[in-house]
Amino acid sequence: LKISEDKKKYIVDAVNPLLEEMVAECIHRMPQDPVPFMLQWLEKKKVTEEDRLLSPEEKERLAADNTNLEAEISRVKAQMKDCAKLAVGDVPNVEEDEEEEDDEDD
């Protein structure tokens, strides 16, 4: 198998260190299925590297955005619960209340 010098350098400089670190962690943890573990490990590595490149201001802005999104998720979940209660009839029916009022007028 002939490999160009550029490819050899790429393997030695970029691929080998990454693979060695990932395989060492995999061997240390010995997951039942190594493929999902390795995928998660690579994703975590990517996120860590991306975080390292962020400025303190960007990190602060992202943290604030996350806080706002978590609050929005909580608000939407509460609305969904209310809608679910309406759907199953936990809340008094407005039409029934109106009919009772009409009957009283008679």
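Helices here are DSSP runs of at least four residues, numbered from the N terminus. The model is predicted.

**Whole protein.** Colour by secondary structure. The order from the N terminus is α-α-α-α. That comes to 4 helices and 0 strands. Of the 106 residues, 4% are buried.

**Select 5-29 and 34-53.** These are H1 and H2. Two packed helices are described by the angle between their axes and the distance between the axes. Here the axes come within 10 Å and cross at roughly 130°. H1 is therefore oblique to H2. The crossing is right-handed.

Show side chains at the contact. From H1, pick Leu-18, Glu-21, Met-22, Glu-25, Cys-26 and Arg-29. An α-helix has 3.6 residues a turn, so residues three or four places apart point the same way. From H2, pick Pro-34, Phe-37, Met-38, Trp-41, Leu-42 and Lys-45.

**Select Met-30.** Where is Met-30 found? Met-30 sits in the loop between H1 and H2. Check its backbone. Most residues other than glycine have a negative phi. Met-30 is not a glycine, yet its phi is positive, about 45°. Is Met-30 buried or exposed? Its relative accessible area is 67%, and the cut-off for exposed is over 50%, so Met-30 counts as exposed.

**Select 56-88.** This is H3, with 33 residues. Draw a distance from its first C-alpha to its last. The span is 48 Å, close to the 48 Å expected at 1.5 Å a residue.

**Select Gly-89.** Gly-89 follows H3. Its phi is positive too, near 85°. End the tour here.

Definitions and conventions. Residues numbered from 1 in each chain as written. Predicted model: local features only at pLDDT ≥ 70, side-chain atom pairs only at ≥ 80, totals over all residues. Heavy atoms only, no water. Helix = DSSP H or I, 4+ residues; strand = E, 2+ residues; numbered from the N terminus. Buried < 20%, exposed > 50% of the residue type's maximum accessible area, 1.4 Å probe, protein only. Expected span 1.5 Å × (residues − 1). Axes fitted to C-alpha atoms, helices over the stretch in contact; angles between N-to-C directions. Parallel < 35°, antiparallel > 145°, perpendicular 65-115°, else oblique. Left-handed = near helix turned anticlockwise from the far one by under 90°. Contact = heavy atoms within 4.5 Å.
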